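The sequence and structure are shown first.

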Amino acid sequence: NLNTPDPAGPIKESHQSSELIGQREKDLESAEKAIQVLRQSAYADPSKFAPELAKSLEDLAILQWDSGRKKDALATSEQAIQILRRLASANAPHFAVYLASALKSRGAMLFIHGRKTEALSTAEEGVATYRHVVEFNPSIRPELGFSLNLCGSMLKRLARYEDALVYLEEAINMFDELSRQSPGKFSNDIHDALEGIAEVLEHLGRDEDAATARRRINMLGGAG
């Protein structure tokens, strides 16, 4: 969701203690050293170590992003995605879920970094990948819903309101279905999607439909 300033969690750099920042730098240093070792292992035995390397790279990208090293984070996430693409295409479809997650995170990072066209195409690839995963693993439907909402939020910010509405309506339909199976669990996600839908409908001049969406938001009791 692009309503939060950071796809990996809110950054509060100006309020962080020097101790916390120092710990983050230590974590970064440890992660980078571990990845150097994993690179060597993956080179020697790709089938055994490449999956762990890809996950470690994705974790490192989040650490770099949280530390303000945005360009490094984007470069690291691209490395993770390249590995995950190879794994997902090499008769290992269970890696597709990790690829989809990495694409979603990278798309949000790119958008915040100002590379909005690339961000949207990356996020849309994430949606397409999640759609494929859901076919053999329906438990991933919530993640598909989050990715649909992300694409809708991006398109809304790009003033592509008709396209945004398609994604956001699919997201709300999915969260509604999931909520019927697990009442209350997805209230915040429904709230966020409805907020996006209401804004889009207002931009499209569909004021009555927007008002209906906002009434439903009010009925959720301020969730989100």
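## Packing of H2 against H3

In this predicted model, helix H2 (residues 46-66) and helix H3 (residues 70-89) have axes that come within 8 Å and cross at roughly 160°. Because angles over 145 degrees count as roughly antiparallel, H2 is roughly antiparallel to H3. The crossing of H2 past H3 is left-handed.

On the H2 side, the contact is made by Ala50, Pro51, Leu53, Ala54, Leu57, Glu58, Leu60, Ala61, Gln64 and Trp65. H3 contributes Lys70, Asp72, Ala73, Leu74, Thr76, Ser77, Gln79, Ala80, Ile83, Leu84 and Leu87. By class, the residues of this contact between H2 and H3 comprise 14 nonpolar, four polar and three charged.

## Packing of H2 against H4

The axes of H2 and helix H4 (residues 96-112) come within 11 Å, with a crossing angle of roughly 25°. Angles under 35 degrees count as roughly parallel, and H2 and H4 are therefore roughly parallel to each other. H2 passes H4, too, in a left-handed crossing.

In this contact, Glu58, Ala61, Ile62 and Trp65 of H2 meet Ala102, Ser105, Met109 and Ile112 of H4. The contact of H2 with H4 has six nonpolar residues, one polar and one charged.

How values were computed: Residues are numbered from 1 along each chain as its sequence is written. This is a predicted model: local features need pLDDT of at least 70, side-chain atom pairs count only at pLDDT 80 or more; totals for chains, interfaces and linings use all residues. Side-chain values use heavy atoms; hydrogens and water are left out. Axes are lines fitted to C-alpha atoms, for helices over the stretch in contact, and angles run from 0 to 180 degrees between N-to-C directions. Helices (H or I, at least four residues) and strands (E, at least two) are DSSP runs, numbered from the N terminus. Angles under 35 degrees count as roughly parallel, over 145 as roughly antiparallel, 65 to 115 as roughly perpendicular and the rest as oblique. A crossing is left-handed if the near helix is turned anticlockwise from the far one by less than a right angle, and right-handed if clockwise. Contact means heavy atoms within 4.5 Å. Ala, Val, Leu, Ile, Met, Phe, Trp, Tyr, Cys and Pro count as nonpolar, Asp, Glu, Lys and Arg as charged, and the others, Gly among them, as polar.
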